[in-house]
Amino acid sequence: MTTPSIYYAFTSSRAFCLQIVFTLNIIYYVSDAQLNPLELVLIGTIMELAVLLCEIPTGLVADLFGRKKSIIIGTIIIGCAHLLEGSIPSFTAIAVAAALWGIGWTFISGAETAWIADEITPEQLDHTLLNGAKFSSIGSFIGILTSVAIGSLFTVQIAILFAGAVLLLIALLSIFWIPETKFVPITQGKQSHLHHMKRALQSSWNVIRSDRTLLSLASITLFMGLASEGFDRLWGAHFIENFQLNEHYTVYWFGLFYALTFLLNIGLLKWMERIATSHFARLLMWLNTLLILFMIYFAFTTHFIVAVVLYLCVASLRNVNHPLMNIMMNKQLESKGRATTLSFYGQVDAFGQVAGGPLVGLIALYTSIEGGLFASALLILPTIYFLRIMRKSA
């Protein structure tokens, strides 16, 4: 197998496992673990706090010891997190699992992109990252179908345990299949790892601060993070409460939403692959302008079918932001220290989600769900300004 093919195989298989869990975990939390609304919110907050605290240190692990090792460690931790989550239906166990999941994801987030960027030529990077996003969407789509099948034939709990076990198998296969031939560690001399961490963080900040594109991308990442957590928590409540979906059929509606979103995402990524050979900032600016308009309309529409179409548009547009921004970041970064710098962006995103989720939640609590969704849309608005700066400087 070629290196890009290995990248597609592992990203899509991991997406498959994670989507099995994400499709059903709310049902598991409410029906099996009987979590109340506050506990549901705390689960997300614990996960994002773990990401916020661990993103930079785990990114440094990838730059010190190897991206392959970091990917394997992260996959093992996430697999164990889902096994714990599915084994004990209680708030404490699920909260610990959420923290483990956040830690595990930070081992993967910057390391995986840094690994593939090192192992292939710069000319291959755009195509490979966009293709990787498409294959991940396919894996997620199959994960939705699998989760419904396992949940129907067995239980939601069995589906979560199955996903955790498969993730451990993926980690085992990674040991033998993932190549790492061009890794250059940042360690030099006999200085301590703490010194290397401090130096790597300072170096990453200096790189970002000295480059207008990277600094603008950091600002965009922050505002996207501020908006995303609130929207993720409220869109489902918007459908259930404001359109009075029958509780028995909610899982099928949500499964359909996820499935249609991934199909649209594949088509949108395919279209972007054809046209997005350059001018990524301009494309992102127009896509996010549409995203804001669709989010506002979604918040206030009273027509169910219109709300469904708008949600699908919003979800698809949000999904294409990450691969395009990934391409722009990696075009500006050198191989050495790449994972730590990418992890810095992950930490910025986590900070935005930790800060933005409760903010939007409070707005929704004291106004309405529609008010919270509208606030999420407004939080994305500053990204248009930074994208305009990037477009002019390109």
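**A helical protein seen through its residue contacts**

Ile 296 has a relative accessible area of 24% and is therefore partly exposed, a class that lies between buried (under 20% relative accessible area) and exposed (over 50%), as judged with a 1.4 Å probe on protein chains only. The model is predicted, so that local features need pLDDT of at least 70 and side-chain atom pairs count only at pLDDT 80 or more, while totals for chains, interfaces and linings use all residues. Residues are numbered from 1 along each chain as its sequence is written, and side-chain values use heavy atoms, with hydrogens and water left out.

Ile 296 belongs to helix H10 (residues 280–300); helices (H or I, at least four residues) and strands (E, at least two) are DSSP runs numbered from the N terminus. Apart from neighbours within four places in sequence, Ile 296 is in contact with Phe 374 and Ala 377, where contact means heavy atoms within 4.5 Å. Gly 371 is 75 residues away from Ile 296 along the chain, and the C-alpha atoms of the two are separated by 9.5 Å.

The protein as a whole has 13 helices and zero strands. From the N terminus on, its elements run α-α-α-α-α-α-α-α-α-α-α-α-α. Of its 394 residues, 54% count as buried. Among contacts with a separation of 6 or more, 85% are accounted for by residues 24 or more positions apart.

The interior may be considered next. In soluble globular proteins, nonpolar side chains tend to be buried together. The largest nonpolar core here holds 105 residues, of which Phe 231, Trp 235, Phe 239, Met 272, Phe 298 and Tyr 311 touch the most other members. Helix H11 (residues 304–332) supplies the largest share of this core, 14 residues. A nonpolar core is a set of buried Ala, Val, Leu, Ile, Met, Phe, Trp, Tyr and Cys residues joined through side-chain atoms within 4.5 Å. For Trp 235, the contacts outside four places in sequence are Phe 254, Phe 257, Tyr 258, Phe 298, Tyr 311 and Leu 373.

H11 also packs against helix H5. From H5 the contact draws on Leu 125, Asp 126, Leu 129, Leu 130 and Ala 133, and from H11 on Pro 323, Asn 326, Ile 327, Asn 330 and Lys 331.

Within H5 (residues 122–153) lies Gly 132, which counts as buried at 3% relative accessibility. Which residues does Gly 132 contact, leaving aside its neighbours within four places in sequence? They are Tyr 7, Tyr 8 and Thr 11. Tyr 8 is 124 residues from Gly 132 in sequence, yet the two are 5.3 Å apart in space, C-alpha to C-alpha.

Helix H1 (residues 3–32) has two partners to consider. The axes of H1 and helix H4 (residues 91–119) come within 13 Å and cross at roughly 160°, which makes H1 roughly antiparallel to H4. On the H1 side, the residues that meet H4 include Tyr 7, Leu 18 and Phe 22, and those on the H4 side include Trp 101, Trp 105 and Trp 115.

With helix H3 (residues 67–87), H1 packs at an angle of about 25°, the axes being 12 Å apart. H1 and H3 are therefore roughly parallel to each other. Leu 18, Val 21, Asn 25, Tyr 28 and Tyr 29 of H1 make this contact with Ile 78, His 82, Glu 85, Gly 86 and Ser 87 of H3.

Beyond neighbours within four places in sequence, Trp 205 is in contact with Leu 215 and Phe 344. Leu 215 is 10 residues from Trp 205 in sequence, and their C-alpha atoms are 9.2 Å apart in space.

Note on methods. Axes fitted to C-alpha atoms, helices over the stretch in contact; angles between N-to-C directions. Parallel < 35°, antiparallel > 145°, perpendicular 65-115°, else oblique.
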